[in-house]
Amino acid sequence: MDLKISELANLPTKWGQFKIQSFKEKEKEHLCIFKGELQGTCNVRIHSECLTGDTLGSLKCDCGEQLEFALRYIQEHGGMVVYLRQEGRGIGLFNKINAYSLQDQGLDTIEANLKLGFKADERRYEIVEFILKHYKISKINLLTNNPSKLDGLEGIEIIKRIPIIINANCFNKDYLQIKHDKMGHLL
C-alpha cells in the first residue's frame, strides 16, 4: 500500500488532549486521533467522514453524535478514532447531497443510494488494518453498531464490541430504523 504518513502532533479539543496523525492514500487523507498508550488491546472507533453530521450538526443522521461519543470515550478510557475520508457511505459528498434530495422525495437512505447507481454501502476498511498495524495494534475493542465493521477487518482480532448509544430525534428516527432493519445495525 502506497501511503505517506505525517508527523505526530498534539490536538487539544473540547473533549480533551489527543495526538493526531494523518495517512495519505492517493487523494484521500485519513486521520488517527488517539490518547494513551496503544499497547495490548486498544479501544478503536472507525468513523467515516460525514461533513453534514460531524461538522454542520445535521440531525438527519447520528454520525456527529457517534463521533462525539467516541472522542469522549477515548478521552476517558484511552484508544483511537480512525477517521476515514469516505463521505456518504463511500459515495462522496456530491452524491450524498443528491441522495439527500431523493430522501426528501420519500426514498430511504438505501433506496436513494441504489437509485443513484451505488450499493447501499460503498465503504472499504483495508486502510484501517494498515493503520492499526502501523501502531502495532492487533487486538481491539471496537466502538461500533455496524456489523460490517466487525467482519471487515481480517488481520485484526476484535475482542469485544462497545455499543455506541445515541438517542433518536424526529429527523433521524426513520434513518436509524432503516440502519437497523435493512443493514443489521445493532441499535
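Lys 139 is partly exposed, with 36% relative accessible area, where buried stands for under 20%, exposed for over 50% and partly exposed for what lies in between, computed with a 1.4 Å probe and protein chains only. This residue belongs to strand S7, which covers residues 139–143; helices (H or I, at least four residues) and strands (E, at least two) are DSSP runs numbered from the N terminus. From Lys 139 to Gly 184 the separation is 45 residues in sequence and 24 Å in space, taken from C-alpha to C-alpha.

The model is a predicted one, in which local features need pLDDT of at least 70 and side-chain atom pairs count only at pLDDT 80 or more, while totals for chains, interfaces and linings use all residues. Residues are numbered from 1 along each chain as its sequence is written, and side-chain values use heavy atoms, with hydrogens and water left out.

Now turn to the empty space. Rolling a probe the size of a water molecule over the atoms shows where such space is left. On a 1 Å grid over the protein atoms alone, a cavity is a set of points where a 1.4 Å probe fits but cannot get out, a pocket is an open set with protein on both sides within 12 Å along at least five of seven lines, and lining residues have an atom within 4 Å of a point. Grid points are joined across faces, edges and corners, and a volume is the space filled by probe spheres set on the points.

By this rule there is 1 cavity of 30 Å³ or more, and the largest cavity holds about 420 Å³ of space. Its lining has 29 residues, with Cys 63, Gly 88, Arg 89, Arg 123 and Tyr 175 nearest the centre. Strand S5 (41–48), H2, helix H3 (87–90), helix H4 (93–104), helix H5 (109–115) and helix H8 (173–183) are the elements that give two or more residues to this lining, and the largest share, 4 residues, comes from H4. By class, the lining of the largest cavity divides into 8 nonpolar, 12 polar and 9 charged residues, where Ala, Val, Leu, Ile, Met, Phe, Trp, Tyr, Cys and Pro count as nonpolar, Asp, Glu, Lys and Arg as charged, and the others, Gly among them, as polar.

The largest pocket has a volume of about 400 Å³. Of the 20 residues that line this pocket, Trp 15, Asp 54, Thr 55, Leu 67 and Leu 71 lie nearest its centre. Strand S2 (9–13), strand S4 (28–35), helix H1 (51–55) and helix H2 (63–77) each give two or more residues to the pocket lining, and H2 provides the largest share with 5 residues. The pocket lining is made up of 10 nonpolar, 6 polar and 4 charged residues.

The structure holds 10 salt bridges, each being a side-chain nitrogen of Lys or Arg within 4 Å of a carboxyl oxygen of Asp or Glu. In one of them, the side chains of Asp 104 and Lys 60 meet at 3.4 Å, N to O, and this pair links distant parts of the chain, Asp 104 in helix H4 and Lys 60 in the loop between H1 and H2, 44 residues apart. Asp 104 is exposed at 61% relative accessibility, whereas Lys 60 is partly exposed at 26%.

Another salt bridge joins Lys 179 and Asp 62 at 3.0 Å, N to O, again between distant parts of the chain, with Lys 179 in helix H8 and Asp 62 in the loop between H1 and H2, 117 residues apart. Lys 179 counts as buried because its relative accessibility is 5%, and Asp 62 is buried at 2%. Lys 182 forms a salt bridge with Glu 111, the closest N and O atoms being 3.6 Å apart, and Asp 108, Glu 111 and Lys 182 are linked in a network of salt bridges.
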